There are 2 protein chains.
Amino acid sequence: MSPPALDVDMRGDTDTSAVPVPDPLTVNGVPGWRAKMAQIPTGVAAACSSDMFKSPNCYTKPKAKRFDRKYTPHPVAETVSFAGDVVLDRLSVEAKSRKQSTLKGAAQYLKKPGLISLGGGLPSPEYFPFEHLDIKVPTAPGFSPEETQKSGSVLRAGKHDIQEGNSLYDYSQPPYADWHCTMTAGSTYAWDTALRVLCERGDYIIMEEYTFASAAETAFPLGIKALAVPMDDQGLIPEAMDDLLSNWDTEARGARKPFVLYTIPTGQNPTGATQSAERRRAVYKVAQRHDLYIVEDEPYYFLQMQPYAGEGGAPLPPPATHEDFIKSLTPSYLSLDVDGRVCRLESFSKVVSPGSRVGWIVASEQMVERFVRNFEVSSQNPSGIAQIVLFKLLDEHWGHSGYLDWLINLRMQYTGRRDSMVHACEQHMPREIARWKAPAAGMFHWIEIDWRKHPGLASGKTRDSIEEEIFLSAVDQGVLLSRGSWFKADSSVVEDKMFFRATFAAASSEKISEAISRFAGSLRVQFHL
Amino acid sequence: MSPPALDVDMRGDTDTSAVPVPDPLTVNGVPGWRAKMAQIPTGVAAACSSDMFKSPNCYTKPKAKRFDRKYTPHPVAETVSFAGDVVLDRLSVEAKSRKQSTLKGAAQYLKKPGLISLGGGLPSPEYFPFEHLDIKVPTAPGFSPEETQKSGSVLRAGKHDIQEGNSLYDYSQPPYADWHCTMTAGSTYAWDTALRVLCERGDYIIMEEYTFASAAETAFPLGIKALAVPMDDQGLIPEAMDDLLSNWDTEARGARKPFVLYTIPTGQNPTGATQSAERRRAVYKVAQRHDLYIVEDEPYYFLQMQPYAGEGGAPLPPPATHEDFIKSLTPSYLSLDVDGRVCRLESFSKVVSPGSRVGWIVASEQMVERFVRNFEVSSQNPSGIAQIVLFKLLDEHWGHSGYLDWLINLRMQYTGRRDSMVHACEQHMPREIARWKAPAAGMFHWIEIDWRKHPGLASGKTRDSIEEEIFLSAVDQGVLLSRGSWFKADSSVVEDKMFFRATFAAASSEKISEAISRFAGSLRVQFHL
């Protein structure tokens, strides 16, 4: 599913030449569009390229910037001093030294008619002990267990099927020509690879002050530190990032100025914050000014929910059409990326199934090529067994249209759960010390606690010991939340505030209400309310 | 499937204390053994440890060496000079700095009865659009397509199944107590991780002079170079490795003495060589002398074939029993590893299916733990979809006994193909210039060509240009082989000999014969025979 395009001309910021508006490619137009495209190769482990399914309009756009050599700095950036060539060479020593696999080079000879290959090392398919795989999947539009029981579809992947069809995704959006995508063994692995492609030991990366703890823990053992940028209700504050970068002191930090921004723009983990379109544009401008490379991690992108209808309010009706649904989504950084400075990490983990270890990235051809060179001699492609299961479901069974039905269904389910969570807070939580905002996307509710009102403060308790007491008392009362401090990007930053993260993705509405009631009770005891 | 134990006492070399002989655990004894063990945890993404299925006998053995601090060098090694502490600290800066995942730490609270968790970030299973998965698999003992069509079994993995049972593998073999195993996203990825755990930029690793090109290409972009050890018909020559290491000149090489040996002991890629038990013992002794860490890559271990019955001979009958089959297999390095200096890379790619991206490693607890810390924030576990498919087939359907049937079936299939390949060579190849030995395992036939008899030599052609001519002429005649030089571990080494690799895994017996006939014809023209 491609993120919606912005209807504003972002290019005005860098280039005044007009870009031809592509024919809008609607969901219904996909089958016709595919019929005109080249058939995808059907051989075992056949090579595949994004160029097989890009719209011809794409090639009328300018190409992405390259990040491995000196180039003219962005006009806006001219007032900012660069540290020279080193800063402009964004690829790591490791990434630059990767060559194409020797053995894959021999594939060029396979096109000769009648050739018998004794060259490879793959077993013959007759020695794979799987004849076929049947997958039972739920039924649209309700996708309920009862309907599925009665009329769920069984999808079959046969051993000798000739795979036809094409990728599910048609990204017409990036406003430059040479974008590519490739599958990854999941977003965590894609992020690990991004760090190895872009960073050296000793570098800093830019992260939101609260971030996905695993993303930070991927970076630290590589000798990479986090520069934590303050956040508000809309997430990353661009002015704060600008300040930090404009005042970067290479000597004092003992590191070159950071140029990789890791951000979770939608339903951020852990804060639940979603950056508005305006916020994203402002962040992108700062990225241009400081020549940053943006890695946007978007597992929650399609968990954007209905607007919160207020205390006690019922959810608004679902989007009437697929187009309405797509229009309701906040634009991705990818759709704003006139320069080719964004790599989007995509995942099925929150919208189809976690643990498939099948994800994908979209970025400029140069970047994707460097990722692929790494994958070839490391993770290789995602599991073929998982690929075929997802292919049968997403492409052959659902198609774009069925997938949108599924996503709209999920949107309403998550809206209902989010509402349960927020209503439970409204009903139970002591407002004297607790503050929250209904999240617009994702699966996390971020609750601020005014720890300065804790009675233990007078007897010398610290902020950290109070956070721990609140956490452990809640466990004692039978509810597990995540402590905000677990998600600090830079553990050396002293926290002024205190937060707890509660997910509404896993427990039922009744359990959510019960859990929040327990947490509220525990807080009242703690705070003598 | 565990590799067979050696019946000699390898410990004599390091320690004179006797190790109690474990009760032999036969294939038929596995179900009874399992019944006595703890049930495996059934929660979503439950933690699991090798200690859940190890034999109690295991804990009577000594523990593995540690590789992160100074320890008393091996007595035999005392005559060899070490470069000091740095050499004895085997873990990389990256590996040593890895910590346990913060969020996984919160799992300790989940055992509290009645606890409602709002802590995690996994979606609820009702939002996974897979109800069940049916897998059709072939039928023992013949596993033929016709039998399968009639009576192949369908295995079902339901969404709400409670997974019971245990790991397929019971490794009673490593002669130290604290071995562990963990799944990997395939052996290529496990090897990439081994390099990141054990090496720093600038290091050398030890490889066979001809090796799997991708394994070398995994290492090079990490700034790691290969020390190439000469080979004979049995693969790596231990005396040659000893010489190279004993005469290591740190100054001249600009690198510390290498301590990681990468070897493919069975059906080596590309040479097809299999190290005998004696050869392995000799290599292990050199590894002890120089305090090496051995990474054994064993995808072809269970493709050990029937002995070659000679020119025109028919294959010998299959092993009569499972025990006979297991006894016929050459012991692994793991079974010789009294010190805990071996990491075995295991793969399903050659015996079940390539591309599942599910493999596993066996090594000491210390090493496995460092691998797992890396996996947690990178590849994570292998694809759950692939895991369930393999679990249903290997554990619930085949069990140890059915898997051994499958492996014996494969052994006979590969023996037949190997024989076709060797017989075709005997029939067609010009013996004046071509030399080969029937491989004992794997899928590769390694053909030496006496390039010094090439008529082009007189007119100034080089060895390399002759190799290229032979390769391209063969392609012209409709047969693709792999050039031996593609597999050189150290491209700067001047080759004295010339080889071509032919696989018998992919083409049918008829095609193999036709292809070898074409290659032979092309050689005759080239060499004016």
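This is a predicted model: local features need pLDDT of at least 70, side-chain atom pairs count only at pLDDT 80 or more; totals for chains, interfaces and linings use all residues.
## How the two chains are arranged

Let us start with the pair as a whole.

## The seven-stranded sheet of chain B

Chain B holds an open sheet of 7 strands with mixed pairing, in the order β4-β12-β11-β10-β9-β5-β6. Its edges are formed by β4(B), residues 179-184, and β6(B), residues 225-229, each of which pairs on one side only. On average, neighbouring strands here are turned by 20 degrees against each other, with direction ignored.

At one end of that order, β5(B), residues 204-208, runs parallel to β6(B), and 5 bridges join them. Within this pair, Y204(B) sits opposite K225(B). Helix α6(B), residues 187-198, packs on the sheet and touches β4, β5, β9, β10, β11 and β12 of chain B. The direction of this helix makes about 160 degrees with that of β11(B).

## The four-stranded sheet of chain B

A second open sheet in chain B has 4 strands, ordered β13-β14-β17-β16, with antiparallel pairing. Two of them, β13(B) at 434-435 and β16(B) at 482-483, are edge strands with a single partner each, so one side of each has no neighbour in the sheet. Further in, β14(B), residues 444-449, and β17(B), residues 499-503, pair in the antiparallel sense over 5 bridges. One of the facing pairs is I447(B) with its bridge partner F500(B) in β17(B).

## A covered strand in chain A

Now to chain A, where strand β14(A) spans residues 444-449 and is mostly covered, with 6 of its 6 residues buried. In a regular strand, side chains alternate between the two faces of the sheet. Here F444(A), W446(A) and E448(A) point one way, while H445(A), I447(A) and I449(A) point the other, and all are buried.

Another 5 bridges join β14(A) to the antiparallel strand β17(A), residues 499-503, where A502(A) faces H445(A).

## Inside the protein

Nonpolar side chains tend to be buried together in soluble globular proteins. The largest nonpolar core of this model has 289 residues, and W191(A), M429(A) and M429(B) touch the most other members. Leaving aside neighbours within four places in sequence, the contacts of M429(B) include A434(B), W436(B), I447(B), I449(B), F519(B) and L523(B).

R279(B) belongs to helix α10(B), residues 277-289. Its relative accessibility is 13%, and the cut-off for buried is under 20%, so R279(B) counts as buried. A polar atom of the R279(B) side chain lies 2.7 Å from the backbone oxygen of L236(B). Beyond residues up to four places away in sequence, R279(B) touches D232(B), Q234(B), G235(B), L236(B), I237(B) and P238(B).

Key: Residues are numbered from 1 along each chain as its sequence is written. Chains are lettered from A and ligands numbered from 1 in the order in which they are written. Side-chain values use heavy atoms; hydrogens and water are left out. Buried means under 20% relative accessible area, exposed over 50%, partly exposed in between (1.4 Å probe, protein chains only). Helices (H or I, at least four residues) and strands (E, at least two) are DSSP runs, numbered from the N terminus. Two strands pair if DSSP finds at least two bridges between them. Axes are lines fitted to C-alpha atoms, for helices over the stretch in contact, and angles run from 0 to 180 degrees between N-to-C directions. Contact means heavy atoms within 4.5 Å. A polar contact is a pair of N or O atoms within 3.5 Å; within protein, one must be able to donate a hydrogen and the other to accept it, and residues adjacent in sequence count only if both atoms are side-chain atoms. A nonpolar core is a set of buried Ala, Val, Leu, Ile, Met, Phe, Trp, Tyr and Cys residues joined through side-chain atoms within 4.5 Å.
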